[in-house]
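Please keep the sequence and the model in view while reading.

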Amino acid sequence: MKIIRLLPLLVVLLLICPLALAQEEYIPPQWEVPEYVTWLLDIADEEVGYKEGPHGYSKYGEWSGDPYAQWCAEFVCWCVDQVDRQHGTQLLNHVYPMYSAQNVGKNWFIKEGRYITRWGNIDGWGYQWLKGEDKFLKTGDYIPQPGDWMFFTWTSGTDTDHVAMVEYCTRKGDDILIHVIEGNNPTSVQRAAYSLYDKSILGYGTVHDVADVTMRYPCEGEKVRQFQNKLIYIGAYDGKANGVYGSSTVAAVKTFQQKHGLKVNGIANIATQQLVDTLYNDLIDRDPAYWTVVDEE
């Protein structure tokens, strides 16, 4: 009798599912998905359906220190902590931030050099470009990858109001849909899909370092440290690679720009960084310390 009652539902599903599949095309990740991302998404998947208790209580808030806090950030951080506990990894505070306050997560990724804005311009820094590209990022150029964190604003400003974990992306007609798992939606853990062009998306904290960004005084972070190390290696900077774009870095960049016929402004823009990269890579190729010795038997 149960099988007979299920037959009409099965017929409807068989009719609907092929149509849905035909309309949406899965987009394979552009970069390799680390094993820890698979673990992370598995844990998030197991939490789908969790509902907060009275007065907004959540186990994720309790874990982070405030049982009644808004818990979208607490949820994704809790998932990372579970991966660390189950697999012996050290992702929290290294690959992903531990946070609950507004903007802290986004700013952490910016400082780590793994943040991409939806419109390609980071406040206080400047325009971004994908590695290997010679043009600035614009909306839609970057398709988020599994494990990325997607930051939202519910206003027209740049402050973060929500965060979700990217599961995968699909193409539907002229649009690209970002499929996420998110907490506090509005009172439970749920799956959701957002257009790549949704104006509420601020940007993405990325698993991979896939983009570079304009740097200027007084930027601080991993991107600055990497740039300073390259300047030191090519003999264009005699200071320390401390990750702070201070007056000594500005002066070194100005001298470099003047020497190579670039616009002299002390800002590490795309032209300046690409020339530094070219000179750096050329020296690396000719440096025996970086040669790989292959034993042939």
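## Overall architecture

The structure is a predicted model. Its chain has 297 residues, of which buried residues make up 44%. The secondary structure comprises eight helices and 10 strands.

Taken along the principal axes, the C-alpha atoms fill a box of roughly 85 × 50 × 50 Å.

## Helix H2

Helix H2 (35-47) has 13 residues and reaches 19 Å from its first C-alpha to its last, close to the 18 Å expected at 1.5 Å a residue. The buried residues of H2 are Tyr-36, Val-37, Leu-40, Leu-41, Ile-43, Ala-44 and Glu-47. Seen down the axis of H2, these buried residues fall within an arc of 160°, so they line one face of the helix.

The buried residues of H2 pack against helix H3 (59-64), H4, strand S6 (162-172) and S7. On the other side of H2, Glu-35 and Glu-46 are exposed. Just after the helix, Gly-49 takes a positive phi of about 105°.

Glu-32 is exposed, with a relative accessible area of 67%.

Phi of Asn-93 is near 75°, a positive value in a residue other than glycine. Asn-103 likewise is not a glycine and has a positive phi of about 75°. For context, most residues other than glycine have a negative phi.

Asn-93 is partly exposed, with a relative accessible area of 46%, whereas Asn-103 counts as buried at 13% relative accessibility. The C-alpha atoms of Asn-103 and Glu-32 are separated by 28 Å, and the two residues are 71 residues apart along the chain.

Within H5, the buried residues are Gly-105, Lys-106, Trp-108, Phe-109 and Ile-110. These buried residues pack against strand S2 (115-117), strand S3 (121-122), strand S5 (149-152) and strand S9 (201-205). H5 is followed by Gly-113, whose phi is positive, near 80°.

Helix H8 (residues 270-285) has 16 residues, and from its first C-alpha to its last it reaches 22 Å, close to the 22 Å expected at 1.5 Å a residue. Its buried residues are Ile-270, Thr-272, Gln-273, Val-276 and Ile-284. Seen down the axis of H8, they fall within an arc of 155°, so they line one face of the helix. Strand S4 (126-130), S10, H6 and helix H7 (247-259) are the elements against which the buried residues of H8 pack.

How do H7 and H8 meet, and at what crossing angle? Their axes come within 11 Å and cross at roughly 80°. H7 and H8 are therefore roughly perpendicular to each other. The contact is made by Val-253, Phe-256 and Gln-257 of H7 together with Thr-272, Leu-275, Val-276 and Leu-279 of H8. The residues of this contact divide into five nonpolar, two polar and no charged.

## The loop between S10 and H6

Thr-214 is found in the loop between strand S10 (211-213) and helix H6 (222-233). At 4% relative accessibility, Thr-214 counts as buried. Leaving aside its neighbours within four places in sequence, Thr-214 is in contact with Trp-125, Gly-126, Tyr-127, Trp-129, Ile-267, Ala-268, Asn-269 and Gln-273. Gln-273 is one of the buried residues of H8.

Pro-218 is also placed in the loop between S10 and H6.

## Cis peptide bonds

Most peptide bonds are trans. The bond from Tyr-217 to Pro-218 is cis, with omega near 0°. The peptide bond from Asn-185 to Pro-186 is cis as well, with omega near -25°. Pro-186 belongs to the loop between strand S7 (175-182) and strand S8 (190-195).

Terms used. Residues numbered from 1 in each chain as written. Predicted model: local features only at pLDDT ≥ 70, side-chain atom pairs only at ≥ 80, totals over all residues. Heavy atoms only, no water. Helix = DSSP H or I, 4+ residues; strand = E, 2+ residues; numbered from the N terminus. Buried < 20%, exposed > 50% of the residue type's maximum accessible area, 1.4 Å probe, protein only. Contact = heavy atoms within 4.5 Å. Expected span 1.5 Å × (residues − 1). Arc of directions from axis to C-beta. Axes fitted to C-alpha atoms, helices over the stretch in contact; angles between N-to-C directions. Parallel < 35°, antiparallel > 145°, perpendicular 65-115°, else oblique. Nonpolar A, V, L, I, M, F, W, Y, C, P; charged D, E, K, R; others polar.
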